[in-house]
Amino acid sequence: MTRPAVPGETFTLSITIGGDAGQGVESSGALFTQALARGGWHVFGVPDYRSRIRGGHNFFQIRATRRPSLSHSDPVHLLLAFTRETIDVHRHNLAPGAGVIYDDGFRVNGEALRAAGLVPLPVPLTKIAEEHGSKLMLNTGAVAAASGVLAFPLEPLLGLLHDTFGRKGRRVAEANVAVARAAYRYATERYRGRLAYTLADPAGSVDPAVPADSEGGPFMVLTGNEAFCLGAVVGGCTFVAAYPMTPATPILEWMAAREKQLGIVTKHAEDEIAAICMAIGAGFVGARALVPTSGGGFSLMTEALGMAGMCEVPVVIANVQRGGPSTGLPTRTEQGDLLFVLHASQGEFPRIVLAPGTHEQCFEAGWRAFNLAEKYQCPVIVLSDQFLAASRRSLPLGALSLDGVHIDRGALLSAAELDRLDQPYLRYRLTETGISPRALPGHPRAVFTSTTDEHGEDGHITEEIDLRVPMMSKRMRKLQTALADMRGPDRYGPEDADVTLICWGSTVGPARESLSLLAAEGVRANVLHFTDLWPLPVDKAEEALRQAGRSVAVEQNATGQLARLLRMMTGFQVDGHVLKYDGRPFAPQQIAARVLEEVGARV
Amino acid sequence: MSENGVLDTKTYASPYRPTWCPGCGDFGILAAIKAALVDLEIWPHEVFIVSGIGCGSKLPQYIFANGFMTIHGRPLAVATGAKLANPDLHVLVVSGDGDSYGIGGNHFLHTCRRNPDITHIVENNQIYALTKGQYSPTSDVGFRTTTSPDGVVELPVNPVAVALAAGATFIARSYAGEPKHLKRTIMAAMGHRGYALVDVLQPCVAFNKVNTYNWYAERIYDVANDDTYDPTSARDAWERGTEWGDRIPIGILYRREGVPPYETHVPALADGPLVDRDLTARLDPGLLEQLKREYV
């Protein structure tokens, strides 16, 4: 399917909040992104943190735009520094004339900043927090000061503080509001008009050629993990088992917090093997079961994955990838598990692999995975990654809707159908589609056994050739049948581009954003984005690849795993690679620059 | 369901004949499970027997009941998931000593303290038999096998002591050579609300030439015959549970009734089993709208 490159964004303002772990960098980022969204701005916020509870530099980068955006963007126009070190760390990524807010107690050489073309904006953040509330409220003051500097109104933040802290009691909320007001006043009086970059009015006329977003507010601000959870809920997920592992843990926590409200059994298991086995047990008897994990946990699950394949048990595994190998970069992003999940576990069995690229696609994968798992009676793996899972993006409420959402339980036999059964029930009946009518334990007409050994139609162990071959073929046939449900790649940008960026999963956001940057350099490019990776819809893929320009695989791994998959399945050889495996997400500017290097000589 | 609608051991008859060696203790265990289910008036469709991998784990293949022979060491986890999704099923786990106490040791430990209403029958023959004779976690010190040619050095796992320390609410030991005792013990275990361990001493006629029928017959005694024994006392259970050698106690070694099983604490199950849910109820625009509002 062909879609516009990016929703015509021109105005971008980037803010970075940086400090030590434990200083509330991410919560400040979450607060600011949500306040901006309430104020009518579209936001994209990316946390960057280390695997430790305290100490070490963390930051949160926010991009504000008039229309929906798909990634963060460099350089940064306002830096909010909770430590002096923050200024040194982020200086290289500041735009000319960028502002730097810091506590006036820091020993910062303002003159040196000015000489470097930056605007020093010291604010007595500690003092204001202590005077009007407590030192804990420094973050609130900092966000308010940043709002003041940017001429962003204070009201959205105040409303948010009431909503957020109101639960902790009126006094906490009021103290936060007092801190915010004082910091805002200070910043406004001293610095209003000092920065060339402002967020005065999202519908303002900086670029009259770009109409304001027709959808308008209010916007939600949510992470990819949260969007996936919402999708899983509407998709009928009733069982979640997991062992905490960054960056998938928020899925388990989200479900646990809503277990009562939604009626979803949520089990924090003793290890990942137990988690997937519990989910398979639940799936076997009829629950829609989910296992969120990351690569290391998925590695532990591989033997059980084969059990789900062999015994044809529906189960959904969300692998939220992080930097590998082994413990790797625990809090960072990577797309290093694609070929692993395609091949994990011994022997051959059908599995389905989906890789959402945007928050909307996370939502869709959330419900679609359960339908596919039950329809094809096999494990479905949703490949997300830290960047997509943790980034906070604004979306109009209508962006996540029930349009198209449905429950498809496939060949599941109802109690009434089983009542009418006039011959012995065969759980693994040989069929043309490979899909056997499925019963759940508990019906007198459908008493059956299942085994991870090779088995006959009735689930009894066999090693006979005349059963092994038909059963193996039956299972594998499901992959052919499932192709009907697999989508070909989406194309963004012009059909007849000179350069085609080939990507999967979360890379689509910055890749799409890079197209306008490339266009400004005279490169007419488009993006081919693969979401349904296994079984790979080869015909659809080949058709799209035939129309590709000079092709560049853009992936967050070291070996170009999608490019290798395409080569394996279609024979298509990409012309070049833009690969990144430093654990940090691609910014559109990085993709554009490296694509230019890659194709520069020819364009 | 039996054609005649009568529940007896024939109701549980499988068309497949066991592949166990003649004289294997598993035959006695299979017969005892069938007899216990019949006496408890449980029908094949109401039971779910989960096993792992090993000789004894083939048991679900030889009984007409819902069964799932999973992977090595994991049946407790699979069974827990099934029980949480459908607490109406009578869930039995049947697996060997290697499966339960070796590769599955972590799940054993956590299932004890979790206390789901699952009956766990361990076919404990102190040997890896299906792989043809290697020492197991319960093999005695000095036991010579292909992987312990100079005799086992490690201390054996004592399942009774481990279960007791981990908080199990029902711990019993029985013997494959005493079918009546075994059936009685399984019935008591299934009648217990919560996790119930039945460690079944089981001679392996093919590979364990030490712990034979004669060896056990000379040593076992039933604590039920001892009027001073109090199975509700953890102290008594520890004392007898750690007795091993010239005398080996069998019977119900420990029981603590009235502890609500894990699944009764799960709020999502308050409205009944998950399998009865109407999944389309979630397609309510009001629900999604409410969830989305959390993010505005």
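## Chain A as a whole

In this predicted model, buried residues account for 57% of the 603 residues in chain A. Chain A holds 21 helices and 22 strands, and its radius of gyration is 26 Å, close to the 25 Å that the globule rule gives for 603 residues, so chain A is as compact as a globular protein of that length.

Taken along the principal axes, the C-alpha atoms of chain A fill a box of roughly 85 × 60 × 45 Å. Of the contacts in chain A between residues at least 6 apart in sequence, 75% join residues at least 24 apart.

## Contact between the chains

Chain A brings 54 residues to the contact, and chain B brings 49 residues. Several elements of chain A, including β8 (219–223), α8 (224–234), α12 (295–311) and β16 (449–451), each supply at least two residues of the side that touches chain B, while the largest share of that side, nine residues, comes from α11(A). By class, the side of chain A that touches chain B consists of 34 nonpolar, 12 polar and eight charged residues.

The strand β16(A) runs parallel to β2 (residues 66–69) of chain B, and three bridges join the two; within β2(B), F68(B) is the bridge partner of S450(A).

## Nonpolar cores

The largest nonpolar core has 263 residues, of which I101(A), A145(A), A183(A), F239(A) and A279(A) touch the most other members. Leaving aside residues up to four places away in sequence, A279(A) touches F239(A), A241(A), A289(A), L290(A), V291(A), V315(A) and G81(B). A second, separate core of eight residues has C24(B), Y128(B), A129(B) and Y135(B) among them.

Methods. Residues are numbered from 1 along each chain as its sequence is written. Chains are lettered from A and ligands numbered from 1 in the order in which they are written. This is a predicted model: local features need pLDDT of at least 70, side-chain atom pairs count only at pLDDT 80 or more; totals for chains, interfaces and linings use all residues. Two residues are in contact if their C-beta atoms, placed from the backbone, lie within 7 Å. Helices (H or I, at least four residues) and strands (E, at least two) are DSSP runs, numbered from the N terminus. Ala, Val, Leu, Ile, Met, Phe, Trp, Tyr, Cys and Pro count as nonpolar, Asp, Glu, Lys and Arg as charged, and the others, Gly among them, as polar. Two strands pair if DSSP finds at least two bridges between them. A nonpolar core is a set of buried Ala, Val, Leu, Ile, Met, Phe, Trp, Tyr and Cys residues joined through C-beta atoms within 7 Å. A residue is buried if 20 or more other C-beta atoms lie within 10 Å of its own, exposed if 12 or fewer, and partly exposed in between; C-beta atoms are placed from the backbone. The radius of gyration is taken over C-alpha atoms; the globule rule is 2.2 Å times the number of residues to the power 0.38.
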